[in-house]
Amino acid sequence: MSAAVTLALLCFFSVALNEQVSEGCRCIQRHPQQHFCASDIVIRAKVGKVNKTLPGLTAFKIQTIETFKQLDKKIIQVIYTSQTSCGINLANGEYLLSGHVEDGRVVVNLCDRVERWDSISSVQKQYLSMYKRGCVCEISPCTGASCLVKRLQKKCLMRVDDSSSLDYQVALQSMCLPGRGGFCSWQKPLVK
């Protein structure tokens, strides 16, 4: 192979690899219910000191305070995050953490729901115990006229264009729940 062809291939693969890395951490805006339903675990936990234990992963020692969703009943004492740009950095304190189980480890990254517990609204805190009911529904983004459809089976629409910050805020105070005939709709369940 000529030097020019080799150089061209190296440039192509370099650009392609950089594109994959930069694309790997793009997170789309999601409703908290979507985070809940897509996660293997959703917990309220107190985060302690950082332990670097595995190549490519940072470990955080945690104390689980409350479990909202978990696939198995094992007590989670450590969570992991990637040491890449997709990883998160946690300070000591209480958090709401959602994540996935990979190779027997709980992994939490940038696109998961990671919020300080005291920054979550009281309505959102109460919804955490109710989101499971809505996991049979799908929340889909919409723009323009496509948002005008009122009833869809197994789906709620959430406006995502620039003029919609109010719609997203309203959606945060609602849940997508199934109703009669299998149709899902935005509802505001009664909370204590």
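Is Trp117 buried or exposed? The relative accessibility of Trp117 is 10%, so this residue counts as buried. A reminder before going on: this is a predicted model.

Trp117 has a ring partner, Phe68. The two form an aromatic pair with 6.2 Å from centre to centre and 15 degrees between the planes, and the pair is stacked. In the chain they are 49 residues apart, and the pair links distant parts of it. Phe68 is in strand β2, residues 57-70, while Trp117 is in the loop between β6, residues 114-116, and α3. Phe68 has a relative accessibility of 17%; the cut-off for buried is under 20%, and therefore Phe68 counts as buried too.

Next, the aromatic pairs as a group. The count comes to 3. One of them is Phe36 with Tyr131: the ring centres are 5.9 Å apart and the planes meet at 50 degrees, so this pair is tilted. Again distant parts of the chain are linked, here 95 residues apart. Phe36 belongs to helix α2, residues 32-38, and Tyr131 to the loop between α3, residues 122-127, and β7, residues 138-142. Both residues are buried. Ring pairs also bring in Tyr127, giving a cluster of Phe36, Tyr127 and Tyr131.

Staying with helix α2, Gln34 is placed there as well. A polar atom of the Gln34 side chain lies 2.7 Å from the backbone nitrogen of His31. Leaving aside residues up to four places away in sequence, Gln34 touches Ile139 and Met158.

Now the strands. Which strands does β4 pair with? One is β6: β4, residues 93-102, runs antiparallel to β6, and 3 bridges join them.

Where does Arg105 lie relative to Tyr80? Arg105 lies over the face of the Tyr80 ring, at 5.9 Å from the ring centre.

Definitions and conventions:
Residues are numbered from 1 along each chain as its sequence is written. This is a predicted model: local features need pLDDT of at least 70, side-chain atom pairs count only at pLDDT 80 or more; totals for chains, interfaces and linings use all residues. Side-chain values use heavy atoms; hydrogens and water are left out. Rings of Phe, Tyr and Trp (its six-membered ring) pair if their centres lie within 6.5 Å; planes under 30 degrees apart count as stacked, over 60 as edge-to-face and the rest as tilted. Helices (H or I, at least four residues) and strands (E, at least two) are DSSP runs, numbered from the N terminus. Buried means under 20% relative accessible area, exposed over 50%, partly exposed in between (1.4 Å probe, protein chains only). A charge sits over a ring if NZ of Lys or CZ of Arg is within 6 Å of the ring centre and within 35 degrees of the ring normal. Two strands pair if DSSP finds at least two bridges between them. A polar contact is a pair of N or O atoms within 3.5 Å; within protein, one must be able to donate a hydrogen and the other to accept it, and residues adjacent in sequence count only if both atoms are side-chain atoms. Contact means heavy atoms within 4.5 Å.
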